[in-house]
Every structure is written in structure tokens, then in C-alpha cells.
Amino acid sequence: MNIERVVLFVAGSVVLISLALGTWVGQAWFLLTAFVGLNLIVSSLTRFCPMVIILKKFGLKHGSPFLKDPAK
């Protein structure tokens, strides 16, 4: 798995979880959804994503999120 796939997976998961929490627990959880969306927009414009730095430290490499893994 590469960095881009992990970022997409985590962002999508956080959005869905925060939407569920906002619906069932409290509307303040919708702010987390807004934060993730804003972070995705800023990352696309500035090419800076804090999560990428963390994932690089874990040893993940960059790659296309839409190509099949060559290892399979």
C-alpha cells in the first residue's frame, strides 16, 4: 500500500465516521468533517499534507492510488 491510498482511505473513513457521529451524537462532530475537507483542499493547492510526513516516517512510499500493486 502506498501513501496516497492510505491518505484517501483515512480521509474517507474520518468523513464517514464524523458524519455518523454528527447525526447520532451531536452536531459538533460535523466540524471534523469540515476540517478534513478543508485539509484536502489546502493539501491539493499547497502540496503539503502533515499525514504524508507521518506516513513517510513509517516507511511508506509514494505511488499511484489507482494502479494495481505490482507485488500481486
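Reader: What makes the pairing of the side chains of Thr-33 and Ser-18 a polar contact?

Author: In this predicted model, the side chain of Thr-33 comes to 2.4 Å from the side chain of Ser-18, and a polar contact requires a pair of N or O atoms within 3.5 Å, one able to donate a hydrogen and the other to accept it, so the pair is given that name.

Reader: Why is Ser-18 called buried?

Author: Ser-18, which lies in helix H1 (residues 3-24), has a relative accessibility of 0%, and because buried means under 20%, Ser-18 counts as buried.

Reader: Why does Thr-33 count as buried?

Author: Thr-33 belongs to helix H2 (residues 30-46), and its relative accessibility is 18%; the limit is under 20%, so Thr-33 counts as buried.

Reader: Which residues is Ser-18 in contact with, leaving aside its neighbours within four places in sequence?

Author: With those neighbours left aside, Ser-18 is in contact with Trp-29, Phe-30, Leu-32 and Thr-33, while Thr-33, counted in the same way, is in contact with Val-15, Ser-18 and Leu-19. A polar atom of the Ser-18 side chain also lies 3.0 Å from the backbone oxygen of Val-15.

Reader: Which residues make up the largest nonpolar core?

Author: That core has six residues, namely Ile-3, Val-6, Val-7, Cys-49, Val-52 and Leu-55.

Definitions and conventions: Residues are numbered from 1 along each chain as its sequence is written. This is a predicted model: local features need pLDDT of at least 70, side-chain atom pairs count only at pLDDT 80 or more; totals for chains, interfaces and linings use all residues. Side-chain values use heavy atoms; hydrogens and water are left out. Helices (H or I, at least four residues) and strands (E, at least two) are DSSP runs, numbered from the N terminus. Buried means under 20% relative accessible area, exposed over 50%, partly exposed in between (1.4 Å probe, protein chains only). Contact means heavy atoms within 4.5 Å. A nonpolar core is a set of buried Ala, Val, Leu, Ile, Met, Phe, Trp, Tyr and Cys residues joined through side-chain atoms within 4.5 Å.
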